[in-house]
Structures are given as structure tokens and as C-alpha cells.
Amino acid sequence: AMGAAADAEWLRWVSKKFGNATGKEKEISLEEFKSALQVKESFFAERFFALFDSDGSGSLSREELLGSLRRLLRGNSTEKLRFLFQVYDVDGMEVSPWGWNTGMEVIPWGWNTGILGSAGSGSIDAEELRVVLRGCLRESSLALPEERLGALSQALLQALDRDHSGSITFPELREQLEAFPELLESLSLSAASWLKPPSATPAERGLCCFSRESRGDQRAGLCCLGGWVATSALLLALGALWHRERGPALALARGCGQSLNLNCALLAALMLRRSLTWLRSTPLAELFPLELHVRGHERVGHLVLALAATHAGAHLAQAGVAQRDWRVALGEYVRRARPGAGGVGGTAPQTGLALLALLLAMLACSSPCVRRGGHFEVFYWSHLSYISVWFLLLLHGPHFWKWFLVPGSLFVLEKVLGWVWRRAGDLHILEANLLPSKVTHLVIQRPKSFHFQPGDYVYLNIPAIAAYEWHPFSISSAPEQPETLWLHIRARGQWTTKLYEYFQQLESRGPEPNPTGKSRSEPRSQHWEQCFLDGPYGTPSRRIFSSEHAVLIGAGIGITPFASILQSIMFRYRRRKQSCPSCRFSWSQEGREEEMTLRKVDFIWITRDQQHLQWFLGLLARLEAEQAELEPGGKFLELQLYMTAALGRGDVKALGLQLALDLVAAREQRDSISGLRTRTQPGRPDWDKVLGRVAAERRGKVSVFFCGSAGMGRDIRRHCRRLGFRFHRERF
């Protein structure tokens, strides 16, 4: 019923598009057909147009188009398979019934024998398959060498040509596809997607730090939220009660002031990154949702602004009520510092209004449209006013220093230590490789004292890009890699775009001289730019190593933290596995079990197109080779790749290509798209099937770690709840 409803809705959409394209005309041309139905590639547009053009006039009437589409939608899998055969049979251009010649008779398509169309010779040869597969590749945003295209067409021909005649007839096609029930099942579903391009994938981000979202972790978060709200409300109520005899306005102002003391100190405490990283290695990490500190900082900031506005409004109301001429009274109250007005030297009114203005400016400059709209530097510089805010708070509130003493001291200590550590090392970018889709792969000299955990992130400063800006990025190399650090940075904002363009210009000018005077044979992308690092800062990703069955899901550049984690997993796995050199018997070393309790790792990478796969193909190939070396035929690490721009098997524009790719992969034990042993799957994962297979393996308690868009995360989380998996999602 849902498919029928979708088909009916699609037909209404087609009818509307058709009306917009034709205007006063009653028929549309091939170009108008492409535009109206959003058909991307000319090959399939021409084939569909020719088959829909029943009278061979070179144009489509409304009746021809909608009538053909209705018959296509209502047809069963066999009838749709006949249409597929007709699309592939391209060598004949004579007008004939909408069917094909099996060698003995003309078989109509099954509904109206009077409809005419462009038919072929009644068989499909190798050259026709090459033409069709080339169109399939373009439609799926894929590019393969001609020899690989030839191998695909030959594999398809050999599989379908049962009588070895050198060509494929419809009975042969139908008989062979019966061995692939999933393909026939896909053909029987809605055909509305056949004439639509693939939808865009959600936006991807760079920095990933996981946040726990299982039910137990939600309880911890709710407990912290409840405690914070209750404490803030209690302080407000106590402050108001202590001053209730001085009027409601002043009582409200004093109550808000008491609550502000706590929350302004909490703002500083929630950004103690080094302290939070240390706390994650203690048992407190199980009691508090430490990875939600950025979201907590935002929520506390909103409450601080609300309390500050109420506090200022109540004081102004009190000052105006106490005098008959309230305008004059307010002006005097705001302009001059007076003894008894509060604060240092009676400056509470002036410092309070200055604080409110600064907080409003910080809130406005922290909005997503500023931070993610190409104006990150506005957010960055406006947030540095926190120094002025804390200084004014110490002048404004007589008791604030008591609340601020511990978090403020820790914050200053962290900043001083970070500054000393950053300036002590003379670090350089050893290599900058420009990858597809504007991703910059930086290879940075690793400081000797730099220790980090897989999945950690650092703040990066490159003076040549911006002297004072620091930006956070996940480390994509493993801790066991001793001499260098890797960062993969996608150009999405202003700073990251400037970074990519800077190294692009350097690469176009050629290599620069080596300032160290040492001989080396690095590629052209080596430039030895100075940089500074702040960190590392931890994430809960180390929970992966204490899991039994870990499922790592990365979408787009969300693979970045998993690149480090996967390398470290395989390093620890190699160190844990021991083998006898004479008999090749393998066993696990018990002394290494505390390092990693993993029994199985599934890594799922969802990327948009073939270019994006290039980011980490080399790494994935090494992981596959290492898995094969350590445990031939083993399944400790299992990779799954999905390409959302590639059309699925249920689409007539891709069925032949996907079948050919399956055949070649089975024969060569290697994927034609990526070169990996793992077959690249088209479209998006079916989470019911993917996670259902994980549950059926029963390799221990399953923990799912996801890094990608929020929408996809919600979908995966829903499936994890149903299956009883722990779910960990990143926060941007």
C-alpha cells in the first residue's frame, strides 16, 4: 500500500512537471524530458524517451508519457525485466511493437500490443553491454578504466549467455536472474526511483568526539541536569528570601545574583579540557556525562544570560520605583558610581550593564549561522571577551571570587601550561597532501612528549593561515605511530578553505628548499610550515577497547577518528596474537587482555561517491592485508563500504552494473571500484539487516560508535535501542 501511494504521488509530480515543461505546447522534446524528470545522464534519458514515444514522432504527449509510466509501475517483476531488456538492446532503431524478437516471434510487453517503441535486434551483445555499463557508471557517479569496463561486460556476458552464442536473449536473462532473487524482488518494488537522481547525503563534519546515549548514560545526564536546575533554583529562592523585606524587585535581583555566582563559575569549569580529559580516565567518567560538556556549556550560558537580564531589570526597576522622577533616577543610577550601590567602589550598575552587553554579543556571535556560515573568526574573537567578563564579574559581585577561585585557578593553570607547552616545541608540517573533495591531509612532526589515545583531538594553529586562530581536529593516526601525527581536514568553513587553498598554491609553485639542510626524498607536497598544537584532548572513544563487539559507523569525513582507532586496534591485535614459526599455530597472549577485550570489530563507512573513497583507501587496504596475514579467513575486523551516489540494484539504470560488479568481485576476490577485498555496496545501509546480522553473530555485548550527521544518528540509535545495543554518538 505504501508503494502504491508513493507511485501515485510520483505520477502527480510527473504530471505537474510535464505541465510546467510543455506550457502551451502539448508535447515535449527529449531535452525537455530530461529537464522535467531530472534525468541526469543522456543515455538512459534517450532510451526511456524512445521507449515511451510509442508513435516514433520524436516527442512525447501527456498521454504517451503517463500511460507508459502507469503500465511500468503496475507491471510485475517479469514485465519490468522485459523493459530492462529493451533498454539494454540498443543496436536496432527500427519501429516495432514494444517487445522484442526472441528469434521466432515478437512478444509484446504484456499490456498493449498496439504501443510502438524503439526496439533493438532482440539480443544483447558485448558491445551493447559496454555502452550500457558506461551509462550505468556515469549515472552512479563512477569512473573505471576501459579495460575494467571490458572485464565487467565480459563477465556479464559469460554469466547470462547460456548457449554461448555471443549474445543474450530475454529467456536467458530471465533464467539467470532467477538465481538472484534479491534483484527480482527489487524490480517488483516501486519503479518511481528509476527516473530520479540519487538524493544528496547529509552534511559531514570534521571533529568527532563521542557522546554516550544509552539508557544508563541518559539517566546520568538527566541526574546532572536535574541537580543543576535544582541547585540554581534553590540559590535563587534563598537569595530572594534573605532580602524579601527590601521589596520584591530587590529580592528577585539578589536571588538571581546568587544563582549567577554558581552558573558563571560553572561556565569556566565546563571548559577545563585537560581536567575533563583526566577525569575520563577515572571512575567518575561512569557517573557524569563528561562528553556533554560543550552542550552543557551552551545551556549554562543561556541560563546565565536569562538570569543576568532579570537581575539587571530588577535592579533598574528598584532604582526607578524609589524615586518619583524615575527617568532622572535611572540616568543617575547608570552614569555614576556611588558608595552603597554595590561592587568595587560602587560600580555595580556600570559593570552590570557592561556584562549584559558582552553576554548578548557573545550569544549572538555563537549562533550556528555565524559559526558554521563561514564566519568562525567572528565567534572565535567574540568569545575571547570571556576574560573581560570574568574581570567585570570580580568587580561586580562581592562574593563571586569564592565561587570562581577553584575553576578560575584551574582554567588559568591550564592556559599557562598549554601556552608554555605549545611554545616550547618547534613543530612543522612535514607533508600536506591534497585529497579529493577538498580534504587536506597534514603530516605533522610529533613532539617527543606527545601522548594520546585513539580518537583524541588537538587544537591546531598555523601562523601562515591565521596567526591567532586555533581550530580542533581529530587525530587520524594511531598512537603507536611514533614520529608523525596525521590530520584530515575537509574545507567547509573559512579557515579550512584557506588552509586547502594555501597548500594548493604552494603545490602549484613546486617544492620549497629544506630549511634543515638534511637530505630527503619527500614528494612535492612537503613544505615544512611551522605550526602549533594544543592538546591532546580526550573523548570516550577508549570505551571501544573495553567493548566485546564494537560496531564503528562513520559517515563521510566522520571516518577521521576511526582511522586512528582502527590502526590502534590492529596494532594491539597483532601484539596480542602470537604464532609458532614452525607449525603456524596461533594463540592469544593472556597478559595482553587488559589492553583490549575486543572479540569482533565491524567498521561501516558511508561515503557519497568514488572520490571520497580515496581519502582512506590506502589505510583500509593495509588493514585488510594485516587481517589476512594475522588470521587467514578470519573475521576479527570486517569492513563494509557504502556509496550513496551509486544507484541500487532495484534501479533499472544500475541493475546490470551491480550484477557485473558482483560477478567480477566473486571471481577476482577484489572490488572493481575500490580495489579492496570488501565489495562496495550501492546506496545506504539497511540498518535492520546490518545490525540484525551483528546481533545474530553473538560475539559478546555490542557497542555501536557513530560519527556523522544527527539525522542518521537518530535512525541508528532507534535500531540500537530495539536490539539492546549500547549507542555512542559524536557531538560537533
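In which handedness of crossing, left-handed or right-handed, does α5 pass α8? The legends below begin with that pair of helices.

The model is a predicted one, in which local features need pLDDT of at least 70 and side-chain atom pairs count only at pLDDT 80 or more, whereas totals for chains, interfaces and linings use all residues. Residues are numbered from 1 along each chain as its sequence is written, and side-chain values use heavy atoms, with hydrogens and water left out.

**View 1. Helices α5 and α8 cross in a right-handed manner.** Helix α5 covers residues 77–88 and helix α8 covers residues 170–177, helices being DSSP runs of H or I with at least four residues and strands runs of E with at least two, numbered from the N terminus. Their axes come within 11 Å and cross at roughly 125°, where axes are lines fitted to C-alpha atoms, for helices over the stretch in contact, and angles run from 0 to 180 degrees between N-to-C directions. That angle makes α5 oblique to α8, since angles under 35 degrees count as roughly parallel, over 145 as roughly antiparallel, 65 to 115 as roughly perpendicular and the rest as oblique. The crossing is right-handed, a term used if the near helix is turned clockwise from the far one by less than a right angle, and left-handed if anticlockwise. Thr78, Leu81, Arg82 and Phe85 of α5 meet Phe170, Leu173, Arg174 and Leu177 of α8, contact meaning heavy atoms within 4.5 Å.

**View 2. Helices α6 and α7 have axes that come within 9 Å.** The axes of α6 (residues 126–139) and α7 (residues 146–160) cross at roughly 120°, which makes α6 oblique to α7. On the α6 side the contact is made by Ala126, Leu129, Arg130, Leu133, Arg134 and Leu137, and on the α7 side the residues include Glu146, Leu149, Gly150 and Leu152. Helix α6 passes α7 in a right-handed crossing.

**View 3. Helix α21 is largely enclosed by the rest of the structure, because 14 of its 17 residues are buried.** Buried means under 20% relative accessible area, exposed over 50% and partly exposed in between, with a 1.4 Å probe and protein chains only. At 1.5 Å a residue, the 17 residues of α21 (residues 560–576) should span 24 Å, and the end C-alpha atoms are 25 Å apart, which agrees; the expected span is 1.5 Å times one less than the number of residues.

**View 4. Phenylalanine 400 lies in helix α19 (residues 400–424).** With 1% relative accessibility, phenylalanine 400 counts as buried. Its C-alpha atom and that of leucine 262, 138 residues apart along the chain, are separated by 8.3 Å. Leaving aside neighbours within four places in sequence, phenylalanine 400 is in contact with Asn261, Cys264, Ala265, Leu393 and Leu394.

**View 5. Threonine 496 lies in helix α20 (residues 494–509).** This threonine 496 has 11% relative accessibility and counts as buried. Apart from neighbours within four places in sequence, threonine 496 is in contact with Phe473, Ile489, Arg490 and Ala491.

**View 6. The structure holds zero disulfides, a disulfide being a pair of cysteine sulfur atoms within 2.5 Å.** Cysteine 223 is in no disulfide, and the nearest cysteine sulfur, that of cysteine 224, is 7.0 Å away. Cysteine 223 is exposed, with a relative accessible area of 59%, whereas cysteine 531 counts as buried at 0% relative accessibility.
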